[in-house]
Amino acid sequence: IHNELKRSREAITLRTTLLQNMSHEIRTPLNAMFGFSQLLSQPEGFISDKEKDEYIKYIHNSFNMLSMLIDDILDISDDEHGQFRINKTQVAVNEICRSSLQIADIRCPDKVRLYFTTELDDSYSIESDGRRIQQVLINFLTNACKHTSDGEIHLHLSKTENPGHLTFSVTDTGCGVPPEMAQDIFERFKKLDNMVQGSGLGLNICSVIAENLNGSVKLDTSYTGGARFLLIL
């Protein structure tokens, strides 16, 4: 009875934490989309063309944030009910990396250089779920954008770092992650900085996806110039 009560309290605490996180995280992009769309509806000449482009960028960014958050919530539910979906096809890995970079670019700070390098030919492909790989890379890249205000964010694809496996790495020059948080950072609702926007779900979802793809994710604790996250398949 004591163990059942303990599990029940833990479940209630997790649900409360989830609701608190979600209410804030959903409201933030919704408010941004509403506010900037109102500005765009003002009479001609009220805002400049440059401002219009900037506001459209903010709306697009907020929509992507909201979409990713909803996907994370659905993935958590699917995983808990044993219904996590993996659809394997032939995946051109360089193309997946470039698409991920393009999506993340809209969130990259102006003073940060975002770029991709690869050790593989563009014709190289693997049998996997390209959408899930991209989901992990976008989470890694958007996290790097949140915590890097100057310097660079580097997405690299290697066949030699872990022989026999592909290693996708996202390296930044941001604030970094303390080594003692190397494992905790992949737990649900764990955040490096509670003042930085985010639900605390993204890295946990990355871990779930990697496991379902028979791979792994980890923080490279040997890198000290910022943070370096790896997806190994």
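This is a predicted model: local features need pLDDT of at least 70, side-chain atom pairs count only at pLDDT 80 or more; totals for chains, interfaces and linings use all residues.

User: OK, how many helices and strands does the chain have?

Analyst: The chain has five helices and seven strands, and from the N terminus on these elements run in the order α-α-β-α-β-β-α-β-β-α-β-β.

User: And how much of the chain is buried?

Analyst: Buried residues make up 42% of the 233 residues in the chain. The accessible surface comes to about 13200 Å², and 51% of that surface belongs to carbon and sulfur atoms.

User: What share of the contacts is between residues 24 or more positions apart?

Analyst: Counting the contacts in the chain that have a separation of 6 or more, 70% of them are between residues 24 or more positions apart.

User: Let's zoom in on H5. Which of its residues are buried?

Analyst: The buried residues in H5 are Gly 202, Leu 203, Asn 204, Ile 205, Cys 206, Val 208, Ile 209 and Ala 210. That is eight of the eleven residues of the helix, which spans residues 202–212, so H5 is largely enclosed by the rest of the structure.

User: What follows the helix?

Analyst: H5 is followed by Asn 214, a residue whose phi is positive, near 60 degrees.

User: How do H4 and H5 pack?

Analyst: Helix H4, residues 130–147, packs with H5 at an angle of about 150 degrees, and their axes are 10 Å apart. Since an angle over 145 degrees counts as roughly antiparallel, H4 and H5 are therefore roughly antiparallel to each other. The crossing of these two helices is left-handed.

User: Which residues meet there?

Analyst: From H4 there are Arg 132, Gln 135, Val 136, Asn 139, Phe 140 and Asn 143, and these meet Gly 202, Leu 203, Ile 205, Cys 206 and Ile 209 in H5. By class, this contact of H4 with H5 has six nonpolar, four polar and one charged residues.

User: Changing topic, where does Pro 109 lie?

Analyst: Pro 109 lies in the loop between helix H3, residues 93–105, and strand S2, residues 112–118.

User: What is its relative accessible area?

Analyst: Pro 109 has a relative accessible area of 24%, and because buried means under 20% and exposed means over 50%, Pro 109 is partly exposed.

User: Which residues is Pro 109 in contact with?

Analyst: Leaving aside its neighbours within four places in sequence, Pro 109 is in contact with Cys 145 and Thr 148. Pro 109 and Cys 145 are 36 residues apart in sequence, while from C-alpha to C-alpha they are 6.7 Å apart in space.

How values were computed. Residues are numbered from 1 along each chain as its sequence is written. Side-chain values use heavy atoms; hydrogens and water are left out. Buried means under 20% relative accessible area, exposed over 50%, partly exposed in between (1.4 Å probe, protein chains only). Helices (H or I, at least four residues) and strands (E, at least two) are DSSP runs, numbered from the N terminus. Contact means heavy atoms within 4.5 Å. Axes are lines fitted to C-alpha atoms, for helices over the stretch in contact, and angles run from 0 to 180 degrees between N-to-C directions. Angles under 35 degrees count as roughly parallel, over 145 as roughly antiparallel, 65 to 115 as roughly perpendicular and the rest as oblique. A crossing is left-handed if the near helix is turned anticlockwise from the far one by less than a right angle, and right-handed if clockwise. Ala, Val, Leu, Ile, Met, Phe, Trp, Tyr, Cys and Pro count as nonpolar, Asp, Glu, Lys and Arg as charged, and the others, Gly among them, as polar. Accessible areas come from the Shrake-Rupley method with a 1.4 Å probe; for residues, only the protein chains shown count as cover.
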